[in-house]
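Visitor: Could you walk me through how to read a few features of a structure? I would like the general idea and then the case at hand.

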Amino acid sequence: MATSLGSNTYNRQHWEDADFPILCQTCLGENPYIRMTKEKYGKECKICARPFTVFRWCPGTRMRFKKTEVCQTCSKMKNVCQTCLLDLEYGLPIQVRDTGLSVKDEVPRSDVNKEYYTQNMEREIANSDGTRPVGQLGKAPSSSDMLLKLARTTPYYKRNRPHICSFWVKGECKRGEECPYRHEKPTDPEDPLADQNIKDRYYGINDPVADKLLKRASTMPRLDPPEDKSISTLYIGGLGDTVTDGELKSHFYQFGEIRTITIVQRQQCAFIQFATRQAAEMAAEKSFNKLIINGRRLTVKWGRSQAARGKEGGKEGVSEMGTRLDPIPGLPGALPPPPALDEEAPANYFNLDPSSSPAIMNIGLPPPPGINPPPPGYGPPMFHPMAPPVPPPMTMRPPGTIHYPSQDPQRMGAHSAHGSRHTE
């Protein structure tokens, strides 16, 4: 039997009649004065298939007209915008938000179960104050570090641009600049972002935008706590000349008791030691890649123990940050380590062969200059290899060889000195 809105009264009490839509700042537009049309029971919701009030408006100049796509009950169950179906708090897809908050979707897919679940959620929404979400989302933790890093803090009005003109793509558009659509090259049809479904977006499955954001979150740097539980010190780098210990203390005191704050002005860094490991972990989690003091973004890392620092310093060719250094050509290699000391072994300071005799180990000293050694085979050696040579007297030295200024015969007073000595 054919029915109409005027004659059909079955289940009319569950139809939605609203005065203003639930929208995000991006979909609402940057213009504070907009003209919005309202059509009561204009379309059925694309999720629960119940009639609802449709709102239609233009978010700004050279933008396309937008309208609500789902009813307010489905919007409140997921805390999303009625038009773009993105989260109202973070501006992220539902799949990314549920992954960050560890929330499991419980919305049924069949018609009968969906109707029963929607009626129960409407009853829960009516009994709540409307300030917090309902269902599993209301029981989830308030925030997540991953969501805070991925969240969009400012509106993205580029999303409201008109669609691409299909006539311009075929080269048949005759409107020129008056065409309300974009004259741009379309994206690759094989791109996953080109195939988006509103139901997949709402239920949080097979969403290409969410997959892209989750891959970006997996590659983002993170700060893992060290395995040594005794480490409770954080390294703060990039201080510059403006950041003081008082400003560091005013930021980090909220995480726990601070034992010491040491600032190394030469290297523009600081070391903050907490009294407990739990306070240090909380400070590292809340400050990593988010610490800005006096307009400077500071680097936050974990400190290292003295034992680990000594082991890393002993590695050859490894820098302080742990990266491998390339060898420099032309430099000599590393010296071998010294042998282990043995108390019973004799001290061998010159690295000589211990099997050789002492006479061979000692090297005979050469004769003094001016005295020629005897030829081999004639007489014993003049100088014993074990005893140091005795220098000859002054009278036996040849006059031609001069070693000191006092031996110079031309020196003033040299002959008089010898003469006086012999006279005496």
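Visitor: Is Pro21 buried or exposed?

Guide: Buried means under 20% relative accessible area, exposed over 50%, and partly exposed in between, using a 1.4 Å probe and protein chains only. Pro21 counts as buried because its relative accessibility is 6%. This is a predicted model, in which local features need pLDDT of at least 70, side-chain atom pairs count only at pLDDT 80 or more, and totals for chains, interfaces and linings use all residues. Residues are numbered from 1 along each chain as its sequence is written, and side-chain values use heavy atoms, with hydrogens and water left out.

Visitor: Which residues does Pro21 touch, not counting those up to four places away in sequence?

Guide: Contact means heavy atoms within 4.5 Å. On that basis Pro21 touches Met36, Phe55, Thr68, Gln72 and Gln82. Pro21 and Lys67 are 46 residues apart in sequence, with 9.5 Å from C-alpha to C-alpha.

Visitor: How far is Glu16 from the nearest side chain of opposite charge?

Guide: Lys and Arg count as positive, Asp and Glu as negative, while His and the chain ends are not counted. A salt bridge needs a side-chain nitrogen of Lys or Arg within 4 Å of a carboxyl oxygen of Asp or Glu. Glu16 is buried and has no salt bridge; Arg50, its nearest side chain of opposite charge, is 6.4 Å away. The Glu16 side chain does reach the backbone nitrogen of Gln72, at 2.5 Å. Beyond its neighbours within four places in sequence, Glu16 has contacts that include Tyr41, Phe52 and Gln82.

Visitor: Which residues touch the most other members of the largest nonpolar core?

Guide: A nonpolar core is a set of buried Ala, Val, Leu, Ile, Met, Phe, Trp, Tyr and Cys residues joined through side-chain atoms within 4.5 Å. The largest one here has 21 residues, and Leu234, Ile236, Leu248, Phe252 and Phe274 touch the most other members. Leaving out residues up to four places away in sequence, Phe252 touches Leu234, Ile236 and Phe274, among others. A second, separate core has 18 residues, including Leu85, Met121, Ile125 and Val134.

Visitor: How many disulfides does a search of the whole structure find?

Guide: A disulfide is a pair of cysteine sulfur atoms within 2.5 Å. The search finds zero.

Methods
Polar contact = N/O pair within 3.5 Å; in protein donor to acceptor, adjacent residues only side chain to side chain.
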